Structures are given as C-alpha cells and as structure tokens.
Amino acid sequence: MFFYPRPRVDIAEVPALSHAGAVLLTDTIHATGLASSLREALAPWTKPLAEHHAAKVLLDLALTLAIGGEHASDTDLLRCEPGLFGDVASAPTISRTLTTLAQDAPTVIEAISKARRAAREQAWALAGDHSPTVGASVKSPLVIDLDATLITPHSEREQAAPPFKRGFGYPPLCAFLAHGSAGTGEPLATQLRPGNAGSNTAADHITVTRDALAQLPAGLLARGGRGSKKILIRTDGAGGTKDFLAWLQRQRLAYSVGFTLPANTPDLLERIDEAKAWTPAYDSEDEGIREGTWVAELTGLLDLAAWPAGMRVIVRKERPHPGAQLRITDHEGMRITAFATNSPRGQLAVLELRHRRRARCEDRIRNAKDMGLEKFPLQSFAQNQIWCQIIQLASELVAWMQTIAFSRHDARKWEPKRLRARLFEIPATLVRRARHKVLHLAEHAPEAVRVLTGVNRLRTTVAQT
C-alpha cells in the first residue's frame, strides 16, 4: 500500500513554468526603474555590439540568487524560461562579464551603488505610507544596523585568511536598514574585507556607514551629505571605539553601540544596588515587563573624559536562561551587558529595548546568506566584491517587492525560504493570445491569488505615478 500516487514519469515539451511567481521580482525591476538605472551605470563596461548587456547579466544573477540559486551556473533556472526572464547569457559570457567588471571593481561598485540608490528612492516613493522613511524623527529614528559575519569559502580564495577569531575566510561588514516589526529590512552597504581584518576597526565601520548613508534619499541628510539625529546607527561592541563614536558625533548621527565595561564593574554594580537604581526592562514582543531583567544608567560612575561628549552608558542585568553558561563578565549569577548612546532623552527601558532589537540584524545576515552570501564562488577578491553587489541587488529586489506589493499582508515579513516555497515556485503556463503573452497561474496553488494581487499592486502603483 502506498501513501502517494505513482504516476508514469517521462519528459515532454510542455508550456509550463516552474518559477512563475518570480514575475513579482521582474515586475519590481520594472517598477523601480532598476534595469534602466543599471543599464546606464554599466554602459562603459559593455561593448557597443554586445548581445548581453552587463546590467542584464547582473540582474539575472540577482534573480537567480533570489529564487534559490547559489552559483553563476544556476542561471540555467532562468535560461530555460525565456518567456518570463528573456534571453539569459551563457555561463562563459557571465564569467567574462564578471572578469571585466572586476578589473575596475571600485569604479564599477560606485556605479552600481548610484543605480541602487535611484531605484531605492523610486521603491520607497511607490511604497507611499508604508515606506520605511515615513515617520522618521529624532524620537523614532531610521535605524541602520551594522554587523560582520565570517564566511568560509569551500576552497581557497584570494585574500581569504584566518580572522581575529577561529575559522577561515572573509568577514564582510554589512549595513542593513531596519524595517522594524512591519517588515524585514534591506541591505544598504556590504564591505568585503580580507580574512585578517580586525573586529574593532573604526576605519571599516566609518567606510560602511558612509556607504550606507549614501544610499538614503537626500531629504534625510543634512547639508553636505551629513547625517541627522533622525538616523540611528546601531551595532554591537565591535563598533564601540572612541574613533568611530567621535566620527558619528561629528556627523550628527544618533548611535546605540555595544560598550565594553571596565574591570571594576562589580564595584559599580554594587553601588547601583545600594542606590536601588535598577528599573525593570521591557519585553521585545509586547513591550511589557520582562521578568528577571533590569536596566540602570552607569554614566555618572564611569570616567568618560576620553569619549565623545554627551555619551551615556546603560547597563543591563538578566538571569541567564536555564542551561546557559556564565561568562567572565557576568556578576553574581546575572548576565551583564552594556551599551552606549548619545540619545539625551527617553526611558532607560525604552532605550535598552531599542538597542536589543539590533538582534534582528542577525536575521538580515541569515537571509543574505540564503541569497548568495553563504558562498563566494569566484576566485579573486575583486570578483567577490562584485558578487557582494549582486547579493545586495537580490536582497533589495525581495525587500522592495514585499514593501510595495504586500504592504498590508504578512508576506512582507516572510523570509526567502518561505517566499520561494509559497510564491516564487508557483507553477503556471505561458500562452499567446491576441498578440499578447498571458501567464496563467495554477488555480490550485495555495498562494496563486496572493501572487496575482501582488503583481496587480506593483503595476497599478506604477501606473498611478
């Protein structure tokens, strides 16, 4: 007895499409004007009579990563569906294009970044009231999260090396724009670094922050491209250096960064205990009281003369969850952490909750790894820098699609694996009718109506602008 049917299996020419839901992504490319912006930006690196423009090659690679591919060779997922994805370059052509772009990597990356910024501005304009910039203020700033992660290549790569911790590979430093609880987030900048790059390198943090700010609409920045307190830079202890915080202060940016406590912390905590200055912390879900967690301000008990003026240090103590091992920095059975901020006002519990939500950046990195960051399939360092740009394009296409097409649906928060299973891999047939191509989504697919609604939303929004 079999639980499942066992039909006869053969191969035949059928008008079926396996990734029909990816029309959401191709429509996002059209809606945001990314194709035209990228075509103009990469024109200098495309031969006049070239059959495949460099911009189309990069977009095809980005689409490949978005629907689940991992290597340049996975573009055959698109190549077999010309009715949906157009002509896709062969693997040798893709390789030659990446080699050409890598020969002038810094200039190419700058050109791609300009095209991404133009498309982002259009995407946020189409999102309307659901744009991540709506309501940005000093009290509720636009949050940019910085974090690094170690990527281990499957074979030796140029400039891959053991980092400051165990392992081997590249430790790219990433900047993501947080969409808050309403959505996921989108990449703003990724700095690929040699394997031996340091953790607390202020110069790297300044560079990636500059690149991230350059991706924001001009209206969010002050004169001269400087930041404003409407923008919050949030990072872990790797960004807690005097040089980086001083630069953020000069740029008039708000910050919330991890802070390394001094050796006499136990004595300071005892003074807080004596003053009964601990305040209950908030829960990250419903902002109610978080059991077993307290916060207090440590600013007045520390010597911060060498740090930027106006910096505050807030400490948090929490009972470790069952089974957790205590660290050397913990005190009397309580886990102790701290962060620094230049926000002059706000309840301690609110500021601490805002900083703790930086953990969502780990989700953004996990999603980026699911769209190409997990592997660096190319040999040279410059080629892998271009690969990082392709990863950002893939991640942005998904984020913009969710923001515009699913602004009122839970799909805006879906991660790549679920998007592929529920939306992108919907089957369909492509037919010609009255000189028009018609994509018939499978009626029995659970999310067919959702895909159709998203496509209509993208096209209607563009028509109204």
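This is a predicted model: local features need pLDDT of at least 70, side-chain atom pairs count only at pLDDT 80 or more; totals for chains, interfaces and linings use all residues.
1. Three aromatic pairs are present in the structure. In one of them, the ring centres of Tyr 170 and Phe 376 are 5.2 Å apart and the planes stand at 85 degrees, so the geometry is edge-to-face. Tyr 170 sits in the loop between β2 (142-148) and β3 (173-178), and Phe 376 in the loop between α12 and α13, so the contact ties together parts that are 206 residues apart in sequence. The pair is part of a cluster: ring pairs link Tyr 170, Phe 376 and Phe 381.

2. What separates Asn 196 from Tyr 170 in sequence and in space? The two are 26 residues apart along the chain, and their C-alpha atoms are 8.0 Å apart. Asn 196 is found in the loop between β4 (185-191) and α8 (202-213).

3. Lys 317 lies over the face of Trp 294. The distance to the ring centre is 5.4 Å.

4. Now the salt bridges. The structure holds 23 of them. Glu 110 and Lys 114 form one, at 4.0 Å from N to O. The cut-off is also 4 Å, so check this pair by eye. Both residues are in helix α7 (residues 105-127), four residues apart, which means a separation of about one helical turn. Glu 110 is partly exposed, with a relative accessible area of 47%. Lys 114 is exposed, at 57%.

5. A second bridge involves helix α7 as well. The side chains of Glu 396 and Arg 120 meet at 2.6 Å, N to O. Glu 396 lies in helix α13 and Arg 120 in helix α7, so this bridge ties together parts that are 276 residues apart in sequence. Both partners are buried.

6. The relative accessibility of Arg 120 is 0%, so Arg 120 counts as buried. Which residues does Arg 120 contact, leaving aside its neighbours within four places in sequence? They are Glu 186, Pro 187, Leu 188, Gln 215, Glu 396 and Trp 400. Glu 396 in this list is the salt-bridge partner of Arg 120.

7. Glu 352 is buried, with a relative accessible area of 4%. Arg 316 is at 11% and counts as buried. The bridge is part of a network: shared partners join Asp 283, Arg 290, Arg 316, Glu 318, Glu 352 and Arg 356.

8. Disulfides are absent: a search of the whole structure finds zero. At 1% relative accessibility, Cys 174 counts as buried.

9. Last, helix α14 (residues 416-424). Where do its buried residues lie around the axis? The buried residues are Pro 416, Leu 419, Arg 420, Leu 423 and Phe 424. They cover an arc of only 110 degrees, which puts them on the same side of α14. Lys 417 and Ala 421 are exposed, on the face turned away from that buried side. The cover over the buried residues includes α1 (23-32), α3 (54-66), α12 (360-373), α13 (381-405) and α15 (448-464).

Conventions:
Residues are numbered from 1 along each chain as its sequence is written. Side-chain values use heavy atoms; hydrogens and water are left out. Buried means under 20% relative accessible area, exposed over 50%, partly exposed in between (1.4 Å probe, protein chains only). Helices (H or I, at least four residues) and strands (E, at least two) are DSSP runs, numbered from the N terminus. The arc is that of the directions from the helix axis to the C-beta atoms. Contact means heavy atoms within 4.5 Å. Rings of Phe, Tyr and Trp (its six-membered ring) pair if their centres lie within 6.5 Å; planes under 30 degrees apart count as stacked, over 60 as edge-to-face and the rest as tilted. A charge sits over a ring if NZ of Lys or CZ of Arg is within 6 Å of the ring centre and within 35 degrees of the ring normal. A disulfide is a pair of cysteine sulfur atoms within 2.5 Å.
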